[in-house]
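Dear colleague,

I am handing over the structure we spoke about, and below it you will find a written account of what was found in it. Please read the account with the structure open beside you.

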Amino acid sequence: MEKKQVSPQNLTGNSRNQEGIFQTDNAVIRTRLLEAGRSYDGRINVSEIVFIIEGAGYLDTRNLRNVYVAKGMAILLPIGSHYDIQVLDEMQAVICALDENVRMSDHFTFEAMFEGADEKHVHNRPLQMNDKLWHFITGTLNYMKDGLYCENFLRMKVVEMFHIFRAYYQREALLQFFLPLLTKDARFANFIYDNWASAKTLNDLADMSNLSLSGFTKKFKKVFGTAPYKWIMDKKAERIYADLRSTEKPLRDLAVEYNFCSVQHFCDYCKKKFGISPGKLRTKAQKGAIPAAGSYKA
């Protein structure tokens, strides 16, 4: 297929899809419609699984070179990777983000899945959805069409998805699919997700990663595509937003938890960052007048 000369469109774009479901870049599960005859490219800042519900096209990434993808297939895009997809027939995709709050299960890790495997002889491949996974993904899509896209609900669906992987797929197929998550970049990203909140300073986080501050900053920018300080501040804002909307923690406790010197300082931060006081944010959230907790974008 000849690549048309159009402005590149980002696969992880925001706003409203054609079915009217409001979604944002950092929702844990979202949907996208990709137009036929167009080219989409970009960089992945959080590892994602893309499930193709309709349509077909060609995908080019570091791990998958010009691979034909179509209805019924799942593709893993690891953090830090670049992609280029050329759409043959209009594609509908369900995209699951694998951020720091998503794990395969409490008692099972990707590392455990690879234990004893010879990675040199494992080749990354897309995954064909079986009946169990297909019904799960399309069922989740139907919930979202009905307006049920609460962050906590969608996170539970992602955990359920991993249980389906474990129960209904052979180890070899999972090895081939999840292989990119064990690259050095992916392991570094997992380390950051696990430790950023407990480190008091960037120096502490660099020390924990056994890198100099300059080496850490260079590595971080390579993997996440942004400076570490900005990323951490954005993650902090996301967590504060989620706590204000989804919990009843007193403002004094939140101020202490997020290292503000006073409740007033915390309130001033919220007004500047979110454009609204924390009390008013909670009031609007109770009325459903603001986006879900996973929808804040720093």
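**Cysteines**

The cysteine sulfur closest to that of Cys270 belongs to Cys267, and at 6.4 Å the two are too far from each other for a bond, since a disulfide requires a pair of cysteine sulfur atoms within 2.5 Å. Please keep in mind that this is a predicted model. By the rule just given, the count of disulfides comes to zero. Cys270 has 0% relative accessibility and therefore counts as buried, whereas Cys261, at 71% relative accessibility, counts as exposed.

**The protein as a whole**

The protein has 298 residues, of which 49% count as buried, and its secondary structure consists of 11 helices and nine strands.

**Helix α8 and its two partners**

How do α8 and α10 lie relative to each other? Their axes come within 12 Å and cross at roughly 105°, and because angles of 65 to 115 degrees count as roughly perpendicular, that is the term that applies to α8 and α10. On the side of α8 the contact is made by Met233, Asp234, Ala237, Ile240, Tyr241 and Leu244, and on the side of α10 by Phe266, Tyr269, Cys270, Lys273 and Phe274. Sorted by class, the residues of this contact divide into nine nonpolar and two charged, with no polar residue among them. Cys270, one of the α10 residues in this contact, is the buried cysteine already described above.

The second pair joins helix α8, which covers residues 228-246, with helix α11, which covers residues 278-286; here the axes come within 8 Å and cross at roughly 55°. That angle makes α8 oblique to α11, and the crossing in which α8 passes α11 is right-handed. The residues that make the contact are Tyr241, Asp243, Leu244 and Arg245 from α8, together with Pro278, Leu281, Arg282 and Ala285 from α11. By class, the contact of α8 with α11 has five nonpolar residues and three charged ones, and no polar residue. Tyr241 and Leu244 of α8 are listed in the contact with α11, and they are also listed in the contact with α10.

**The loop between α9 and α10**

Is Phe260 buried or exposed? Phe260 is placed in the loop between α9 and α10, and with a relative accessible area of 10% it is buried. Leaving out residues up to four places away in sequence, Phe260 touches Lys236, Ile240, Ala255, His265, Phe266 and Tyr269. Of these, Ile240 belongs to the α8 side of the contact with α10, while Phe266 and Tyr269 belong to the α10 side.

Asn259 has its place in the loop between α9 (251-257) and α10 (263-274), and its relative accessible area of 70% makes it exposed. The phi angle of Asn259 is positive, at about 65°, although this residue is not a glycine. A positive phi in a residue other than glycine is also found at Asn66, where the value is near 50°; Asn66 lies in the loop between β5 (48-61) and β6 (67-70).

Leu76 is placed in strand β7, which covers residues 73-77, and it is buried, with a relative accessible area of 3%. Not counting residues up to four places away in sequence, Leu76 touches Glu48, Ile49, Leu98, Phe177, Phe178, Pro180 and Leu181. The C-alpha atoms of Leu76 and Asn124 are separated by 9.1 Å, although the two residues are 48 residues apart along the chain.

Thr183 lies in the loop between α4 (171-178) and α5 (184-195), and at 26% relative accessibility it counts as partly exposed. Thr183 and Ile79 are 104 residues apart in sequence, while their C-alpha atoms are 9.8 Å apart in space.

With kind regards

How values were computed. Residues are numbered from 1 along each chain as its sequence is written. This is a predicted model: local features need pLDDT of at least 70, side-chain atom pairs count only at pLDDT 80 or more; totals for chains, interfaces and linings use all residues. Side-chain values use heavy atoms; hydrogens and water are left out. Axes are lines fitted to C-alpha atoms, for helices over the stretch in contact, and angles run from 0 to 180 degrees between N-to-C directions. Helices (H or I, at least four residues) and strands (E, at least two) are DSSP runs, numbered from the N terminus. Angles under 35 degrees count as roughly parallel, over 145 as roughly antiparallel, 65 to 115 as roughly perpendicular and the rest as oblique. A crossing is left-handed if the near helix is turned anticlockwise from the far one by less than a right angle, and right-handed if clockwise. Contact means heavy atoms within 4.5 Å. Ala, Val, Leu, Ile, Met, Phe, Trp, Tyr, Cys and Pro count as nonpolar, Asp, Glu, Lys and Arg as charged, and the others, Gly among them, as polar. Buried means under 20% relative accessible area, exposed over 50%, partly exposed in between (1.4 Å probe, protein chains only).
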